[in-house]
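Here's a walk through one protein model, with an eye on its charged pairs and its sheet. Take a look at the structure first, then read on.

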Amino acid sequence: MVTRPTDARRRCGRLAGETGFTLVEVLVVTVVSILIVGGVVLAAKQIQEGYGQQFETAAAEQEARYALDWIQRLLRQAGSNPFGIRLSACVGTGLLPSVNGFPPLVRDPDGNGIDDDVRILADSSSPDGLLGGPGPAPGGCTEANEDLTIAYSTANRNLTLFDRNQPALGTQVMSDSVVTAFRFVYRDRDHVATTDMSRVAWVQVSLTTEARLRDPRTNQFPTYSVAVDVRLRPRW
């Protein structure tokens, strides 16, 4: 079909009368779009950071509760002595013999003057009247969980456990590196603090953990502190 000149002129007139976006309008739309997308991204980032920070705070709190749980369990077995042991070839002569049997706890075993470690003695893993085992002879001091040391590492910010009768295990790391403070306080039957270990009836354990991410609102690392009093079993 042949297009008549009049029809072509009409279409050109319609196209000429239609207007598009100006450069200014395009720039405005682009800027507004960038602001909206940027706001969405920023909000998503803040939500993600907030969730991550809450997760790390909860993890630090859980780590503190877990630490108190296993420390309490070990302290409660301290001094277990159903056979009335007075001597042991597996414990240094500085601790035995004793008129009251072996001591349940040895304060500050590393001797640095800070109560952030303790040695726990107990005839518990297999109560047989042998604290740690029969001694240096074959099959000697190998009874596990009867001579333990709990300690805090300031440098590594963690808690460790060492079994003197299982040296092949080495020093076992028992917490994540989130512990910022750890202390034992020894108290007598009236809950009065004492340094006389023969009078200790209660042990207060306190620790503080710190989250690994800062709180975006305060720019600080959230901390969680907890303490518990553990009653030692009757010893004599």
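Let's begin with Arg157, which counts as partly exposed at 25% relative accessibility (partly exposed sits between buried, under 20% relative accessible area, and exposed, over 50%, using a 1.4 Å probe and protein chains only). Its partner is Glu210: the two side chains meet in a salt bridge, 3.2 Å from N to O. A salt bridge here is a side-chain nitrogen of Lys or Arg within 4 Å of a carboxyl oxygen of Asp or Glu. Glu210 is buried, with a relative accessible area of 18%. The pair ties together distant parts of the chain, as Glu210 belongs to strand S7 while Arg157 is in the loop between strand S3 (147–153) and strand S4 (158–163), 53 residues apart.

A word on the ground rules. This is a predicted model, where local features need pLDDT of at least 70 and side-chain atom pairs count only at pLDDT 80 or more, while totals for chains, interfaces and linings use all residues. Residues are numbered from 1 along each chain as its sequence is written, and side-chain values use heavy atoms, with hydrogens and water left out.

**The chain as a whole**

The protein chain has 2 helices and 8 strands, in the order α-α-β-β-β-β-β-β-β-β along the sequence. These are DSSP runs numbered from the N terminus (helices are H or I with at least four residues, strands are E with at least two). Of the 236 residues, 36% are buried. Among contacts between residues at least 6 apart in sequence, 52% join residues at least 24 apart; contact means heavy atoms within 4.5 Å. The chain exposes about 14,200 Å², and carbon and sulfur atoms supply 57% of that (Shrake-Rupley areas with a 1.4 Å probe, only the protein chains shown counting as cover for residues).

How many salt bridges does the rule give? The count comes to 7.

| Pair | N to O distance |
|---|---|
| Glu61 and Arg65 | 3.7 Å |
| Arg107 and Asp115 | 2.8 Å |
| Glu210 and Arg157 | 3.2 Å |

Glu61 and Arg65 are 4 residues apart in helix H2 (residues 23–76), so about one helical turn separates them. Glu61 is partly exposed at 24% relative accessibility, and Arg65 is partly exposed too, at 48%. In the Arg107 pair, Arg107 is partly exposed at 30%, whereas Asp115 is buried at 15%. There's also a network of salt bridges linking Arg119, Asp147 and Arg164.

**Strand S7 and its sheet**

Back to the strand that holds Glu210. S6, S7 and S8 form an open antiparallel sheet in the order S6-S7-S8 (two strands pair if DSSP finds at least two bridges between them). Strand S6 (179–187) and strand S8 (223–231) are at the edges, each with a single partner strand, so one side of each has no neighbour in the sheet. S7 (residues 202–210) runs antiparallel to S8 and is joined to it by 9 bridges; Leu207, for one, has Val226 in S8 as its bridge partner.

**A buried serine**

Where does Ser175 sit? Ser175 is in the loop between strand S5 (172–173) and S6, and it's buried, at 7% relative accessible area. A polar atom of the Ser175 side chain lies 2.9 Å from the backbone nitrogen of Leu159. Leaving aside residues up to four places away in sequence, Ser175 touches Glu63, Asn158 and Leu159.

Conventions: A polar contact is a pair of N or O atoms within 3.5 Å; within protein, one must be able to donate a hydrogen and the other to accept it, and residues adjacent in sequence count only if both atoms are side-chain atoms.
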